[in-house]
Amino acid sequence: MDSVSDPPFHEAYKILFDKTRNTIQENNGFDTDLLVAAEECELPVIDLSCLENSDETVREECKSHIARASQEWGFFQVVNHGISSHIFSRLRCEQEKVFRQPFEKKTKEDKFLNFSAGSYRWGAPTATCIRQLSWSEAFHIPLTDILGSSGSNSLSWTIEQYATTVSRLAQTLADILAEKMGHRSSFFKENCLPNTCYLRLNRYPPCPTAFGIHGLMPHTDSDFLTILYQDQVGGLQLVKDRKWIAVKPNPDALIINIGDLFQAWSNGVYKSVEHRVMTNPKLERFSMAYFLCPSNDTVIESCREPSIYRKFSFREYRKQVGDDVQKLGSKIGLPRFLTHEGSSNIGST
Ligand code: OGA
Ligand code: NI
């Protein structure tokens, strides 16, 4: 039974199902690879306490490990990241409270809990077929709405505490990745300020409908890097060697993934890998993603020549992604920005 806080997923499903039934679509619009069980694997685990080691070789080895995982996987886990488990339990508690509000209240256009209008999302408003429906709801919060306004409620206060800590971790990782490309620069410190970043609270309700539905559609992230905190339910999958693999939850780890902007900045060295979330028939799942983003005016330009992507501002990138989602139901992303050089390389790899 749906509660008053759940979005009308069943209705959305039915509408899309009927729409699809009347058109001739490959596999009736379902994603058949949702039916094949993905192999479960442990992502590379990186112990960040090594960065504090007095031995320089240990520190450098740890940095190389981070860069290697970003090239080969685009995803890794970090342990001993320095963020206390207390803050995660507080966040979890606040996250549950906010999602338990009535659906009507969550969708209200006027400012809910001081977040900008439009921070609440569910399903996939632009979905044209079932494979574009996401059985989840989220608050996608610009941190500029939260920072400095803290104290107005316990959710904002907790988010502010977390954002302060997690942004330090994001900067450290971004600096290491830049350094490993031969760039010691203040680019990330200058352009990705805590208030240009986003925090996304995700909730995946149980999905009793038998098959063919994503918790979150396959996508890449439109940022430099993402720090994901997830509970122990599992469901996150990513593409490795052209196959979907399932990430085994690790209670001590945070998951890091490279986003599109780092792939462009590193000229394709670091990989922004497609990932998705599977639904669970019985269990509710929560996760929280911190997106390291620059200001809208920041220009993203490859640090190496010949560049496979043309330079673009973050504003331009977001607009293109938004337009594609509106028009096509899903994003195209970086391929839109390939140079001639990039297009010919794609063909040869
Ligand atoms: C995201 C995302 C994965 C998850 O919010 O962009 O990929 O496990 N989330 O919730
Ligand atoms: Ni993502």
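These legends describe close-up views of a predicted model. Residues are numbered from 1 along each chain as its sequence is written, chains are lettered from A and ligands numbered from 1 in the order in which they are written.

**View 1. The shell around ligand 1.** The shell holds 13 residues. A residue belongs here if one of its heavy atoms lies within 4 Å of the ligand. The closest are Tyr 204, His 219, His 275, Arg 285 and Ser 287. By type, the shell has 6 nonpolar, 4 polar and 3 charged residues. Here Ala, Val, Leu, Ile, Met, Phe, Trp, Tyr, Cys and Pro count as nonpolar, Asp, Glu, Lys and Arg as charged, and the others, Gly among them, as polar.

**View 2. Polar contacts to ligand 1.** A polar contact is a pair of N or O atoms within 3.5 Å; within protein, one must be able to donate a hydrogen and the other to accept it, and residues adjacent in sequence count only if both atoms are side-chain atoms. Ser 287 places a polar side-chain atom 2.6 Å from an oxygen atom of ligand 1. For Tyr 204, the distance from a polar side-chain atom to a ligand oxygen atom is 2.7 Å. An N or O atom in the side chain of Asp 221 lies 3.3 Å from an oxygen atom of the ligand. Alone, ligand 1 exposes 290 Å², and the protein buries 96% of that. Such areas come from the Shrake-Rupley method with a 1.4 Å probe; for residues, only the protein chains shown count as cover. Helices (H or I, at least four residues) and strands (E, at least two) are DSSP runs, numbered from the N terminus.

**View 3. The nickel ion (ligand 2).** Which residues coordinate the nickel ion? They are His 219 (NE2), Asp 221 (OD) and His 275 (NE2), at 2.1 to 2.2 Å. Donors are N, O and S atoms within 2.8 Å of the metal (3.2 Å for Na, K and Ca); water is not among the atoms, so sites may look incomplete. The donor spacing in sequence is H-x1-D-x53-H. Asp 221 counts as buried because its relative accessibility is 6%. His 219, at 21%, is partly exposed. Buried means under 20% relative accessible area, exposed over 50%, and partly exposed in between (1.4 Å probe, protein chains only).

**View 4. Phe 187 and its contacts.** Phe 187 sits in helix α6 (residues 187-191). Its relative accessible area is 17%, so Phe 187 is buried. Beyond neighbours within four places in sequence, Phe 187 is in contact with Cys 192, Phe 224, Trp 265, Thr 298 and Val 299. Contact means heavy atoms within 4.5 Å.

View 5. Most residues other than glycine have a negative phi, and most peptide bonds are trans. The bond from Glu 305 to Pro 306 is cis, with omega near -10 degrees. Pro 306 lies in the loop between β14 (299-300) and β15 (312-313). Asp 241 has a positive phi, near 50 degrees. Asp 241 is in the loop between β9 (236-240) and β10 (243-247). Is Asp 241 buried or exposed? Asp 241 is exposed, because its relative accessible area is 62%. Asn 267 has a positive phi near 55 degrees. Asn 267 is found in the loop between α7 (260-265) and β12. At 15% relative accessibility, Asn 267 counts as buried.

Technical notes
This is a predicted model: local features need pLDDT of at least 70, side-chain atom pairs count only at pLDDT 80 or more; totals for chains, interfaces and linings use all residues. Side-chain values use heavy atoms; hydrogens and water are left out.
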